[in-house]
Each structure stands twice: as C-alpha cells, then as structure tokens.
Amino acid sequence: MGKFYIPKSRARDNRYLVSVKDYSHYHREGYLIVRNLLSKEDIDELYELAEQSRLNSLQLDNQADRDSKDPLKEEFAKATRIHMMSRFSGAAERGMLNPRIVDVTEALVGPDVYALQSMLFLNPPGKGGQGWHQDACYIKTHPDTLIGAWIALEEADEENGCLWVVPGSNHEPIYPPDGVGGGNVHAVDAFEDLNGVQNVSHLDDSVNTLSKVVAYYPPAIPVRLSPGDVLFFHSHLLHRSYPNRTQDRYRRSFVCHYCNARSWVPWDHDGFEGHSGNYRQILVRGNTNLPYAEPAFGTEVYLADGEEESSSITMMGMDNGMMMPIGTEKDE
C-alpha cells in the first residue's frame, strides 16, 4: 500500500509565512511582491558581491562576438550580467538558498524545492535591459513548475531599469522561439495554433514578436523595489526591463530560479539540455525521488524531517458510490 507523504520542513526561527491572499494573487496575476523579506545583513553581503563584480568588470575590455545573434551578448561580454555565481561564490550560494526566499517558494510551488540558478545584474548607466520574454523558454521543467525570485540590492525604478510585468500573462503557454533549441515546454503538436515567435528578449518591440501577445493585455506595470524587497514571478509571465536611463546610478539585483523538486529538469546551465540535469540542482526544501546536489559551500538547507512510515492508504466505498481514501496502521 502507498504511504502518506506529510511534507513538513524543519522548524526554525524567523520563518516567513505566506498568506492565502498572496498565494491566490501569485497564481492569478503571475507575480507576488514581498516587501522587506531579506534583512539588511543579507542584502549587504550580496551588494558587496555585486560591487566587487562591478569593479572587476571595469577592468574588462572584452568585445562581444559579432556573429552572435544573442541580444544580450554585450551584457555578458562586459560582465554586467553574470550567471551561476552560486557555483563559485559562498555569498551567492547563501543568497540563492536564503531560507526566507525558499519559505515563499515552498508555499507557491513546493513543498519540495530545487534551487536551480543564480544571476547577478549590475545594469550600469546607459546599459542593461531585456525585451519581452518568458523564463520557462530558457529553463524547462517537467512538470512545468519554474519560479523566479528577483532580489533588489538597491532602489529599482523606471529610471534605472526596473522590471516590467504583464499581470495575468502567466496563463499564456510558452511560445517556442525560433533559434532557441533544447526541447519544448509543451508536448509537440498538443496545440492547434501555438505558433513560434521571433527575436525573444530583443529590446525592439517591432522585431520581438512576443510584443503581439503583450498587446492582448492591459498595459504592463513597473515593479518598483527597495533593497530587501523580492519579486516572485511565474515562469510564463511576460516581463521585460529597459536600459538604465540614469547617468550616475546602477541597478544591482540578484535573481534566482527554483522549481518543484519532483520535476525532471533537462538543464544544468553548462550547455546541456538532454536526459536529466537534476543531479546538478540543489535540494533546498522537502524531499525528492530524483537525483540532487548538496550546497557546495555548506549553506544550511531545511529538508523534510521524514515521512510518516507507520501509515498506508486504502480505499473505502461510500453510500453514494464514490471512493474515499482512509488511513490504516501499517502491519508490524
């Protein structure tokens, strides 16, 4: 007989509890802003990491590959956008595995949670920005449970390039872009009219054809954040940012991605998109039947205490002909 699975993480101080209203808002609108989720100490450590990265980037004179069609190639060449810092920085790993962030993630897509990716954004004056896109286009999970967490390390507003979101657009499917390989989110041929899109992430709306989907919705809204605020957003949500229009302000942020740890993840960031990349993903909450990694820098995670192994499930017929499960004690 099957066992009851009672998902419950280990208790700890300072746990963040998500309200039913917030849960509903996230799943209805595709995003949730949690103000002051992270402490000043948490932000200071990530800001210091960003500042050191900024100083290092000023010493670079790398040129982007002229033949690359990636609209973000200049950002990567100048190291103003750095992926997977959590694999070589303890500070970044602590940021990605911050228990307060995972508390919210656990409530929204858990109870079992993988930590997949970390990204550091600097967005210096005159730089940055990314056109309309959907995150699950790039990081696929099956079942489709990806969620992003956008952490403000300083004030983010319209002037220095805050995020813009299209509320409710999380209910759209993932539109497969031309030129981005590695499989599909949805079953091939499951839709009658799920057409491909072009130039996803391009800043120019006249060539980024996801802008035609955005046009079906009310105007996008800016997400203004202060240090310690975190935006959680659905992986189907249409979102973008604009270049930093200021002359003397950066827009430092730390962005992470997570998914339910029962999802198969054919991705590990290092160019692999195939059978399974689960063994590279850190199990940060709950439990899983799939492979997983442990924190490389020893950051504490809060996994399930264990399953209730003394109970099993059987079915009992009711007077109305329906079936209902009942718990029975396991034979010793």
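# Close-up views of a predicted model

The model shown is predicted, so local features need pLDDT of at least 70 and side-chain atom pairs count only at pLDDT 80 or more, while totals for chains, interfaces and linings use all residues. Residues are numbered from 1 along each chain as its sequence is written, and side-chain values use heavy atoms, with hydrogens and water left out.

**View 1. The aromatic pair of W164 and Y242.** A pair of aromatic rings is described by the distance of the centres and the angle of the planes. Rings of Phe, Tyr and Trp (its six-membered ring) pair if their centres lie within 6.5 Å, and the pair is stacked with planes under 30 degrees apart, edge-to-face over 60 and tilted for the rest. By this rule the count is one aromatic pair. W164 and Y242 are edge-to-face, with 5.9 Å from centre to centre and 85° between the planes. The two residues belong to distant parts of the chain, 78 residues apart: W164 is in strand 6 (residues 163–165), and Y242 is in the loop between strand 9 (239–241) and strand 10 (253–260). Helices (H or I, at least four residues) and strands (E, at least two) are DSSP runs, numbered from the N terminus. Y242 is partly exposed, at a relative accessible area of 36%.

**View 2. Arginines over the rings of Y302 and W132.** A charge sits over a ring if NZ of Lys or CZ of Arg is within 6 Å of the ring centre and within 35 degrees of the ring normal. The charged end of R12 is 5.3 Å from the centre of the Y302 ring. For R240, which lies over the face of W132, the distance to the ring centre is 5.5 Å.

**View 3. H234 in strand 8.** This strand spans residues 230–234. H234 counts as buried because its relative accessibility is 18%. Its side chain reaches the backbone nitrogen of H236 at 3.0 Å. Contact means heavy atoms within 4.5 Å. Not counting residues up to four places away in sequence, H234 touches Y26, G30, L146 and N170.

**View 4. Helix 5 and its N-terminal cap.** Helix 5 (residues 99–109) has nine of its eleven residues buried, so the helix is largely enclosed by the rest of the structure. Among the buried residues are R100, D103, E106 and V109. N98 caps the N-terminal end, with a side-chain oxygen 2.9 Å from the backbone nitrogen of R100.

**View 5. Strand 10 and its partners, strand 3 and strand 5.** Eight of the eight residues of strand 10 are buried, so this strand is largely enclosed by the rest of the structure. Two strands pair if DSSP finds at least two bridges between them. Strand 3 (residues 113–121) runs antiparallel to strand 10 and is joined to it by eight bridges. Y114 has C259 as its bridge partner in strand 10. Strand 5 (residues 147–152) is also antiparallel to strand 10, over six bridges, and here W150 is partnered by V255.

**View 6. S86 in the loop between strand 2 and helix 4.** The loop lies between strand 2 (81–83) and helix 4 (90–96). S86 is buried, because its relative accessibility is 6%. The side chains of S86 and S118 make a polar contact of 2.8 Å. Such a contact is a pair of N or O atoms within 3.5 Å; within protein, one must be able to donate a hydrogen and the other to accept it, and residues adjacent in sequence count only if both atoms are side-chain atoms. Neighbours within four places in sequence left aside, S86 is in contact with A92, E93, M96, S118 and F297.

**View 7. H269 and D270 in the loop between strand 10 and strand 11.** Strand 11 covers 282–286. H269 is partly exposed, at 26% relative accessibility, and touches H83, M84, R87 and Q117, not counting residues up to four places away in sequence. D270, leaving aside neighbours within four places in sequence, is in contact with R87 and R280. From C-alpha to C-alpha, D270 and M84 are 9.7 Å apart in space, and they are 186 residues apart in sequence.

Definitions and conventions:
Buried < 20%, exposed > 50% of the residue type's maximum accessible area, 1.4 Å probe, protein only.
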